[in-house]
Amino acid sequence: MSGSVVDAFKSLKVDSDSSPSEFKHIYQVSFEYLSKVKNFNDLQSFKNCLVALINLDQYEQATKIISKVPENLIEPLILEITYVYYKIGKSREILQLYEKYQPKIESRQVQTGLKHVLAQTHYKIGDYQKALSLYKELINASSDNQSDLLVNEQAIISQLIFQTDETSVTRSCSELDSSNYDMLFNEAFIEIAKANYVKALQLLQQAHKVCSENNLTDEDLETELLPINLTIAYVYQVQGKKAKSDEILFGVNIDNVHDTLLKLILKNNIQSEKTIDDANFIDRQLNYYETIRQSKQKITLLQLESFLKNSLVLRFATGTLSTNQLNSESCLNLGLVSAAYKVLSRNDVSYNSLKRGKNKPVGRKLVRYIRKESKSDLKEAAVLLLVYANSQTGSFDQSLPFLEKLAMESQDQPKFSPGLIGTLIHVYEATHNINKLRTLLTNLTERLLYTTGDAFKDENYYNCAKIIAMKNYGFNSDSSKQLFEFLHGSKPDDELINSLLSNSNDNLTSVSELESSKSIEDILSINLDELIPSKTKPTQSVVKKSSKITKRKRSPKFGKDKVIKPEGEFKLDDERWLPLKLRSYYKPTKKDRKKTSAGHQGAVESSPAPTAHTSSGNSNKKKKKKGKK
């Protein structure tokens, strides 16, 4: 038998253009030769197995074979092995193999391939800085076909801005190829990460136009345009243009979407504009965890976090959120979101109690929990939940002392939390506490003037400082101007700050770009009653409940054939008020006559004999029985 296996192996012709059936035959023959003849110690048959399984997308089976071969076969096929590990998500194994064998690799082609796999691995696990540096090395080393590398670099830069909020990220090439719709699409993502939605929308529309003008089949064109359309709809959603967003989302035939991840994004974005009426149905329809498992190779960390947060909302609404889910590794990376659900779970606070305004018992539970909790993340999440509960009633007496304490502790750190400080400013403004608001803004402005410039690379921190300077302008214009000048040194291209410092509007967007394209007649013809929703609650029809008590129907007093005399023929009895026996026309019965005639002739009615009256005590006494001696 071994001779026939050897002959079959020697007659194999491995070609990259082989069909799936040929790759299947190559794998079967090579695996028999590797396992039965060579005892998993042959380089050529091992390579044939890996190449065939990679082309057949059977990466799990390839992993089983890799685990059986000796270590001396790993180094020659390091590129194929790391690619198999990348496809099944074994990132740790890839990093270990690269660190171990990279110094020993002499082939430049293998080193370049390994850098590609390593860069994609770093991108997948969210280490965008290392992925960016690797792609810069690949771009500098490559002289031709740089467009794909530049597109991948753009994707990494967009995710890096989302992660760090640092907008000043250097790139290998600043020129944009207007004929490459992939490059235009990824450039739009960079602008979305910078919150520049107007420019992002222009780039997306340009990418849509370039893609539509390519000579693609209808099926390929629909596949290529789908992510562009979904991103355009997302930008419209962020801008509050619901009608335009719905037009795009509902115009997509979901049955023709075969990509699992894109189908989930489409369903998710459609549902995001609706209220949660039936959480169980929505959870089954979206099926987050199964889709995440199937799309784990393509999903980014930002998308994963968004899907997990949405899944937690639905699980919390249905009451199926377990402690194991909250303690999982993926949920622990969500920070305060995961901590907030832990607080709600530990205090038995339901979704309905938060939404229906039952906040008095919720507030009492959270106050008791905050006083006992020692962990900082859980305590901070509980305080913010208490602020939310108080905001629905308009009274912040419960949450304000805790919030002020957290904000004070945050100001003692090198960088304060913009979220906590912003929440405290909002509470002071809502309660019209002008004195505390003035003191807070003054202290924050002085603190920001002594902050290092590197802190303002964080976009959230920079925007928070800008808002503080604007709010403090009414209290102390001099210190606010100093802070504007300080921020200008960190970001000289900020048009708003430049306009404030120069006291001119030359750097601001022109009025013609901001004004609506609709005519005045069209605007005046809009029915305001349709735009402004009525605050009156819809009246619900009263449904009568069926009563268990049933009344017996009685027949009428008089039948249908009853003849009623005319009104003039009625004659009332004059003696009707007298007892019956005293009426003149009364005839006694035989029984009454017998009573009157009782007794013998001449008998006299006898009176009753007098009875002796005795005390009740004597009458109730009983004779005492004598016992026997």
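What share of the 629 residues in the protein is buried? Buried residues make up 34% of them, where buried means under 20% relative accessible area, exposed over 50% and partly exposed in between, with a 1.4 Å probe and protein chains only.

## Basis of the model

This is a predicted model, in which local features need pLDDT of at least 70 and side-chain atom pairs count only at pLDDT 80 or more, while totals for chains, interfaces and linings use all residues. Residues are numbered from 1 along each chain as its sequence is written, and side-chain values use heavy atoms, with hydrogens and water left out.

## Overall make-up

The protein has 34 helices and 0 strands. Helices (H or I, at least four residues) and strands (E, at least two) are DSSP runs, numbered from the N terminus.

Contact here means heavy atoms within 4.5 Å. Of the contacts between residues at least 6 apart in sequence, 54% join residues at least 24 apart. A disulfide is a pair of cysteine sulfur atoms within 2.5 Å, and a search of the whole structure finds 0 of them.

Two packed helices are described by the angle between their axes and the distance between the axes. Axes are lines fitted to C-alpha atoms, for helices over the stretch in contact, and angles run from 0 to 180 degrees between N-to-C directions.

Helix α11 (residues 197-213) and helix α12 (residues 218-238) have axes that come within 10 Å and cross at roughly 160°. α11 is therefore roughly antiparallel to α12; angles under 35 degrees count as roughly parallel, over 145 as roughly antiparallel, 65 to 115 as roughly perpendicular and the rest as oblique. The contact involves residues of α11 including Y197, L201, L204, H208 and C211, and residues of α12 including L221, L225, I228, I232 and V235. C211 counts as buried because its relative accessibility is 0%. The crossing of α11 and α12 is left-handed. A crossing is left-handed if the near helix is turned anticlockwise from the far one by less than a right angle, and right-handed if clockwise.

The axes of α26 and α27 come within 10 Å and cross at roughly 130°, so α26 is oblique to α27. The contact is made by L441, T442, L444, T445 and L448 of α26 together with Y461, A465, I468, K471 and N472 of α27. The crossing of α26 past α27 is left-handed. Elsewhere in the chain, C464 is buried, with a relative accessible area of 12%.

T451 is in the loop between α26 (434-449) and α27 (459-472). With 11% relative accessibility, T451 counts as buried. A polar atom of the T451 side chain lies 3.1 Å from the backbone oxygen of R447. Beyond its neighbours within four places in sequence, T451 is in contact with F456, Y461 and F486. Y461 is also one of the α27 residues in contact with α26.

The axes of α3 and helix α5 (residues 78-87) come within 11 Å and cross at roughly 35°. F46, K47, L50 and I54 of α3 make the contact with E80, I81, Y83 and V84 of α5. α3 passes α5 in a left-handed crossing.

D57 lies in the loop between α3 (43-55) and α4 (59-66). D57 counts as exposed because its relative accessibility is 54%.

Most residues other than glycine have a negative phi. D57, although not a glycine, has a positive phi of about 60°. N287, also a residue other than glycine, has a positive phi near 50°. N287 lies in the loop between α15 (279-286) and α16 (288-294), and N287 is partly exposed, with a relative accessible area of 38%.

S410 is found in helix α24 (residues 400-411). At 8% relative accessibility, S410 is buried. Leaving out neighbours within four places in sequence, S410 is in contact with K415, F416, S417 and L420.

Q325 is in helix α18 (residues 323-326). Its contacts, apart from neighbours within four places in sequence, are R315, T320 and C331.

Technical notes:
Polar contact = N/O pair within 3.5 Å; in protein donor to acceptor, adjacent residues only side chain to side chain.
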